[in-house]
Amino acid sequence: MKLKTLAVAALSALALALPGTMAEATKVKGEVTNFDFSFQGLTGTYDRNQLQRGLQVYHEACASCHGLQYVAFRTLSDRNGPELPEDQMRAFADMYEIWDNELRDWRPATGPDHFPESQFEGAPDLSLMTKARAGFSGPYGLGINQLMKGIGGPEYVASFLQGYTGEEDFQAGSMFYENIAYGGWVSMAPVLFDDMIVYADGTPATKEQMALDVAAFLTWTAEPKLVERKRAGFVGVIFLSVLSVLLYLSNKQLWAPIKKAAKES
Ligand code: HEC
């Protein structure tokens with residue numbers, strides 16, 4: 001009997017602890033800066049120029065290692081995305097080679113194809129990275145924090161890219177780099193340096209600018225329908241508010257004669 005009680009107690013303790021540890025697992029360990037992004041807040045939207053710059057950073061500084069296997073090239077033309085004109089999108093896709101199972105050969109990518117997978121061993125796919133590192137604004141999924149402050153993933157990615165201290169360590173045949181946002185030693189070397197690229201729109205390519213732009217772009221790859229979703233939510237809230245007022249007023253009107261009769265009697 002005693003053992004059974006103990007087992008039940010232990011199990012319930014475990015059940016209580018589990019959500020905690022899950023939240024812990026997504027929590028970011030290191031120091032993350034709370035950058036402001038245009039797409040945060042109730043009515044925030046993506047900045048098309050920033051997404052285009054972020055795409056350029058990804059293409060020039062990340063694509064050699066990291067894939068974006070869940071993103072189709074044609075979506076680069078979607079509304080509320082980078083909104084590349086069709087011909088530019090096709091020209092962009094044409095710079096990537098993908099394996100064609102039917103041809104049994106490599107060929108240039110076209111609109112419907114997806115970006116390639118990661119090319120570098122150990123480099124994670126970046127399509128959903130801003131969601132995978134979403135712990136910064138408090139445990140992911142509570143809703144209210146994410147609504148007001150954003151999901152936290154883009155802040156992490158932007159901080160990570162700028163978080164290198166310059167310390168390096170050679171261990172067991174590989175190089176590790178200290179990164180304060182990562183909260184320790186990471187095997188990815190720093191890749192962003194001031195003015196390493198020339199932005200098509202003329203924005204000065206500082207390290208911070210590139211980090212923010214690529215983080216914004218990676219938020220779009222993980223949440224391509226963010227703006228539509230916010231709008232639908234907003235319309236829903238307004239609709240429900242109006243409906244509540246109407247229901248309240250009609251309820252009053254419906255009961256008014258009865259209340260009056262009750263008062264008089
Ligand atoms: C030379 C190859 C290489 C390049 C170029 C590169 N990365 Fe990485 N990246 C890696 C590797 C390898 C890892 C895995 C590091 C680890 O877990 O120790 C990684 C990990 C990451 C992570 C995950 C960190 C974490 O919290 O686990 C992010 C985010 C990231 N890279 C973003 C980028 C972005 C954005 C760019 C372009 C601006 C980029 N990387 C360029 C190799 C690269």
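Start with Asn 80: setting aside neighbours within four places in sequence, this residue is in contact with Tyr 46, Leu 51, Trp 220, Val 227, Glu 228 and Arg 231. Keep in mind that this is a predicted model. Asn 80 sits in the loop between helix H2 (48-62) and helix H3 (86-93). Is Asn 80 buried or exposed? Its relative accessibility is 14%, and because that falls under the 20% cut-off, Asn 80 counts as buried. One of its contacts is polar: the side chain of Asn 80 meets the side chain of Glu 228 at 3.2 Å.

**Salt bridges**

How many salt bridges does a search of the whole structure find? The count is 8.

| Salt bridge | Closest N and O atoms |
|---|---|
| Glu 83 and Arg 48 | 3.6 Å |
| Arg 53 and Asp 201 | 2.9 Å |
| Asp 100 and Arg 107 | 2.6 Å |

Take Glu 83 and Arg 48, which form a salt bridge at 3.6 Å. Glu 83 has a relative accessible area of 28%, so it is partly exposed. Arg 48 also counts as partly exposed, at 42% relative accessibility.

Next comes the salt bridge between Arg 53 and Asp 201, with the closest N and O atoms 2.9 Å apart. Again the pair links distant parts of the chain: Arg 53 belongs to helix H2, while Asp 201 is in the loop between strand E5 (184-186) and helix H7 (207-222), 148 residues apart. Which residues do salt bridges with shared partners join into one network? They are Arg 53, Asp 201 and Asp 213.

Asp 100 pairs with Arg 107 in a salt bridge, the closest N and O atoms being 2.6 Å apart. Asp 100 has a relative accessible area of 14%, so it is buried.

Ile 238 is partly exposed because its relative accessible area is 47%, a value between the 20% and 50% cut-offs.

Note on methods: Residues numbered from 1 in each chain as written. Predicted model: local features only at pLDDT ≥ 70, side-chain atom pairs only at ≥ 80, totals over all residues. Heavy atoms only, no water. Buried < 20%, exposed > 50% of the residue type's maximum accessible area, 1.4 Å probe, protein only. Helix = DSSP H or I, 4+ residues; strand = E, 2+ residues; numbered from the N terminus. Polar contact = N/O pair within 3.5 Å; in protein donor to acceptor, adjacent residues only side chain to side chain. Contact = heavy atoms within 4.5 Å. Salt bridge = Lys/Arg side-chain N within 4 Å of Asp/Glu carboxyl O.
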